[in-house]
Amino acid sequence: MDHKNHDFKEFREQFNLLKGKLSQQEIVTESDIKSATKKSIGWIKRSGMLYLIVCVASIPFCSIALMHMGFSVPFTCATAVYTFAAALITFITHRAVCGSDRWIENSLLEVSEAYAKLRRRYMQTMAISIPALSGWCIWLYFDTVIKFPDNPEMASKVLEAIIVGLVVGVPIGIWRYIKTIRHADGILAHVKELQEHEAQANE
């Protein structure tokens, strides 16, 4: 009888030790998730803030430059509205995840929902931006041709300068979009894995 009690006591001690290790592993995993989330939110916050500043600063600069070069008022206004819309969408999209401390302290489910929402809005924005930018480029071409009908060389130089800007700006925008989506996907994958481990532990 004493031997059985001893075996049971030893088994219980081993079980408690294993349970403690598993609990500690879950804490470390959650800490890693929060750390990764904080880094991702930090990058997204800086990226969004920089893009927002560039958009807001470019509204008066581009408007003055286009008017000085003689582009039409409707095209200049449309460019300003497009840039303002980009800044507004960026602000709305990033507002939910800018408070890194607040989101880190919330539950993993809330963090997952925030990143899923950000990812969805980014994809929607990209779907709208591509046709909008294409329409802007077509309008720009015709406005340039109308502006310099008797000076094709000047029209060509203006178009070349704008094309260079697009060649530089578009890849940067695509890179920023892809990196943001990857940050969101990484956090969503880690959170899902942690939730699966928690579900298995509760079974």
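Arg-95 is found in helix H2, which covers residues 73-95. The model described here is a predicted one. In this model Arg-95 is exposed, with a relative accessible area of 53%.

- Arg-95 and Lys-45 are separated by 50 residues in sequence.
- In space, the C-alpha atoms of Arg-95 and Lys-45 are 8.9 Å apart.
- Arg-95 counts as exposed because its relative accessible area of 53% passes the cut-off of over 50%.

**Aromatic pairs**
- The structure holds six aromatic pairs.
- One of them joins Trp-43 and Trp-175 in an edge-to-face arrangement, with 6.1 Å from centre to centre and 75 degrees between the planes.
- Trp-43 belongs to helix H1 (residues 2-69) and Trp-175 to helix H5 (residues 152-202), so this pair ties together parts that lie 132 residues apart in sequence.
- The pair is classed as edge-to-face because the angle of 75 degrees between its planes falls in the range over 60 degrees.
- Trp-43 has a relative accessibility of 14% and counts as buried, the cut-off for that class being under 20%.
- Phe-71, Phe-75, Trp-136 and Trp-139 are linked into a cluster by ring pairs.

**A charge over a ring**
- Arg-176 lies over the face of Tyr-51.
- The distance from Arg-176 to the ring centre of Tyr-51 is 4.4 Å.

**Salt bridge**
- The count of salt bridges comes to one.
- It is formed by Arg-119 and Asp-185, whose closest N and O atoms are 2.4 Å apart.
- Arg-119 is partly exposed, with a relative accessible area of 25%.
- Asp-185 is likewise partly exposed, at 30% relative accessibility.

**Nonpolar surface patch**
- Ile-138, Tyr-141, Phe-142, Val-145 and Ile-146 form a nonpolar patch on the surface.
- Together, these residues have about 520 Å² of accessible area.
- Tyr-141, one of the patch residues, is found in helix H4, which spans residues 108-147.
- Tyr-141 is partly exposed, with a relative accessible area of 43%.

How values were computed. Residues are numbered from 1 along each chain as its sequence is written. This is a predicted model: local features need pLDDT of at least 70, side-chain atom pairs count only at pLDDT 80 or more; totals for chains, interfaces and linings use all residues. Side-chain values use heavy atoms; hydrogens and water are left out. Rings of Phe, Tyr and Trp (its six-membered ring) pair if their centres lie within 6.5 Å; planes under 30 degrees apart count as stacked, over 60 as edge-to-face and the rest as tilted. Helices (H or I, at least four residues) and strands (E, at least two) are DSSP runs, numbered from the N terminus. Buried means under 20% relative accessible area, exposed over 50%, partly exposed in between (1.4 Å probe, protein chains only). A charge sits over a ring if NZ of Lys or CZ of Arg is within 6 Å of the ring centre and within 35 degrees of the ring normal. Patches are made of residues with over 30% relative accessible area and no salt bridge: like charges are joined within 9 Å, nonpolar side chains (Val, Leu, Ile, Met, Phe, Trp, Tyr) within 5 Å. Accessible areas come from the Shrake-Rupley method with a 1.4 Å probe; for residues, only the protein chains shown count as cover. A salt bridge is a side-chain nitrogen of Lys or Arg within 4 Å of a carboxyl oxygen of Asp or Glu.
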